[in-house]
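The sequence and structure come first.

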Amino acid sequence: MEQKSNLKKHIGSVRDIKQMTRAMQLVSAVKMRRARSQLEKTMPFFALCADTMVELYEAGAVLEHPSFSLHQKKRGDVWKIGYFILTGDRGLAGAYNLNVLATAEKHIHAKIVDNIGKGLQTSAKLYLAGSIGKDRLVREGFDVVEDFRYEISEPTFYRARDISEFILDLFESGTLDLVYFIYTRMESAISMKPIVTRVLPVNPDALEAVIPEKYRQKRGLVGGDLLDYIPSSEDVMTYLIDTYMNAMVYGALTEAYASEQTARMTAMDNATEN
């Protein structure tokens, strides 16, 4: 009788866990649909801003702007790199957060080794949006900026603009030479992949790689075109860079949040079945 009683308790416990994981799956499904709807609305703006920067670069219109120029370094100098890493605010999302963190660690180590080979030093500062992963990266000895705190959940354009202004201040003041985003990109409804993309100085090749094919624009400019800037080239480029950064941050936040909810829904569905 004792064994039968224990078996009943175990069955009841499994049933309770199943109800809990099923409820979490349903909640994540609702959030995922809302996040993907937001992503679909965001993507044309994000893609247009990115495509405009690529078009201007290819036409030779922005070659002298500091946001497009890599700083020149000589042996013994330090590359000051900022990594803005978008992890989730909660766990129970399968390997989602671990994949982002592993991608970040791999890229940072590779960058340090590459710079050593060139006789350069590396200063890598990590800015984490989303609470998951901060403790692990601190434990691993990375320089994590503790007072940088932004949520991933329910991203807004106002939050993206705050982060964008913060990043531009760091770059324009010389605090950072390079700025990378590391986040999870949704390649399809069921496929997600962590990516690393350089946002400052603007990297046209990397930008073109993150623009979905269906959002690519027909180019109106070609190399050698003469352009008139009104009121001035500096004002136009400042506006474009601000808009570009707002779009890049908002697009990354939205895509990361949609990916997190999709990963959690899948993980809870698997847990329910198990």
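Which pattern does the protein chain follow when read along the sequence? In this predicted model, the order is α-β-α-β-α-β-α-β-β-α-α. That comes to 6 helices and 5 strands.

Overall values for the chain are set out below.

| Property of the protein chain | Value |
|---|---|
| Residues counted as buried | 45% of 274 residues |
| Contacts joining residues at least 24 apart, among those between residues at least 6 apart in sequence | 75% |
| Accessible surface | about 14,800 Å² |
| Share of accessible surface belonging to carbon and sulfur atoms | 53% |

The largest nonpolar core holds 51 residues. Within this core, Met53, Phe84, Ile167, Phe181 and Met245 touch the most other members. At least two residues of the core come from each of the helices H1 (2-58), H4 (157-172), H5 (204-210) and H6 (233-273). The strands S1 (78-86), S2 (121-129), S4 (178-186) and S5 (192-200) likewise each supply at least two. Helix H6 gives the most, with 14 residues.

Which residues does Ile167 touch, leaving out those up to four places away in sequence? Its partners are Phe84, Val179, Phe181, Leu200, Met245 and Val249. Among these partners, Phe84, Phe181 and Met245 are also listed with Ile167 as residues that touch the most other core members.

Definitions and conventions
Residues are numbered from 1 along each chain as its sequence is written. This is a predicted model: local features need pLDDT of at least 70, side-chain atom pairs count only at pLDDT 80 or more; totals for chains, interfaces and linings use all residues. Side-chain values use heavy atoms; hydrogens and water are left out. Helices (H or I, at least four residues) and strands (E, at least two) are DSSP runs, numbered from the N terminus. Buried means under 20% relative accessible area, exposed over 50%, partly exposed in between (1.4 Å probe, protein chains only). Contact means heavy atoms within 4.5 Å. Accessible areas come from the Shrake-Rupley method with a 1.4 Å probe; for residues, only the protein chains shown count as cover. A nonpolar core is a set of buried Ala, Val, Leu, Ile, Met, Phe, Trp, Tyr and Cys residues joined through side-chain atoms within 4.5 Å.
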